[in-house]
Amino acid sequence: FKKRYGVIFNQTAKFADGVCDLIGEECVVEHSKVKPMKKRKENLKKFQDGRTKINRISTVKSLNEGANLKRVDFIIIASGTSKLKDFIQRVGRSIRWQDGKEATIVRLFIKDSQEEKWVKSSQEGYDSISLFNYQELEKHMLSLDDT
């Protein structure tokens, strides 16, 4: 999703920082351990600006509720919880409806784990597809980048 805006949800600040480091200059981090608060506000502003190269934000839970992020059309949940509310908040707060917009939600989990059961139960009633390896995901992502 090179040209798209996205949020990566992680379970810990350390993991969120690592994700941001891996992505590089297109990513900023947002969580409670980013100090001072001014830096957190600057990171959000850079992400929302649209004129910067920042189009990814790596976070923990600080953007679950109350965040009205512009231009976000995909999220990656790198670490979920058993709480359906967390999933709903992440989807609802991060991807806002817009005419003609197609939102993408990627949820990472370990096959045959408890987290896989949480993913399946929380997706009941949603239009979703399951991809079980990186090659399938890469192929799907490339087809979305063409649209």
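Analyst: Happy to! Glu30 and Arg40 form a salt bridge, with their closest N and O atoms 2.6 Å apart; the term covers a side-chain nitrogen of Lys or Arg within 4 Å of a carboxyl oxygen of Asp or Glu. Because Glu30 lies in strand β2 and Arg40 in helix α2, the pair ties together parts that are ten residues apart in sequence. Helices (H or I, at least four residues) and strands (E, at least two) are DSSP runs, numbered from the N terminus.

Before going further, a word on the source: this is a predicted model, in which local features need pLDDT of at least 70 and side-chain atom pairs count only at pLDDT 80 or more, while totals for chains, interfaces and linings use all residues. Residues are numbered from 1 along each chain as its sequence is written, and side-chain values use heavy atoms, with hydrogens and water left out.

Now back to the pair. Both Glu30 and Arg40 are buried, where buried means under 20% relative accessible area, exposed over 50%, and partly exposed in between (1.4 Å probe, protein chains only). Glu30 counts as buried because its relative accessibility is 3%. Strand β2 itself covers residues 27–30. The side chain of Glu30 also has a polar contact of 3.0 Å with that of Ser62; such a contact is a pair of N or O atoms within 3.5 Å, where within protein one must be able to donate a hydrogen and the other to accept it, and residues adjacent in sequence count only if both atoms are side-chain atoms. Leaving aside residues up to four places away in sequence, Glu30 touches Arg40, Leu44, Ile57, Ser58, Thr59, Val60, Ser62 and Leu63, with contact meaning heavy atoms within 4.5 Å.

How does this bridge sit among the others? The whole structure holds four salt bridges. One of them joins the side chains of Arg4 and Asp73 at 3.1 Å, N to O. Since Arg4 is in the segment before β1 and Asp73 in strand β4, that pair ties together parts 69 residues apart in sequence. Arg4 counts as buried at 12% relative accessibility, and Asp73 is buried too, with a relative accessible area of 16%. Lys53 and Glu25 make another, at 3.4 Å from N to O. Here Lys53 lies in the loop between α2 and β3 (56–59) and Glu25 in the loop between α1 (13–23) and β2, so the parts it ties together are 28 residues apart in sequence. Lys53 and Glu25 are both exposed, whereas Glu30 and Arg40 are buried.

Residue 27 of β2 brings in the cysteines: the search of the whole structure finds zero disulfides, a disulfide being a pair of cysteine sulfur atoms within 2.5 Å. Cys27 is in none, and its nearest cysteine sulfur, that of Cys20, is 3.6 Å away. Cys27 is buried at 6% relative accessible area, and Cys20 at 11%.

In helix α2 (residues 37–49), Phe47 pairs with Tyr5 of strand β1 (residues 5–9), 42 residues away. Rings of Phe, Tyr and Trp (its six-membered ring) pair if their centres lie within 6.5 Å, and planes under 30 degrees apart count as stacked, over 60 as edge-to-face and the rest as tilted. With centres 5.7 Å apart and planes at 70 degrees, the Tyr5 and Phe47 rings are therefore edge-to-face. Both residues are buried.
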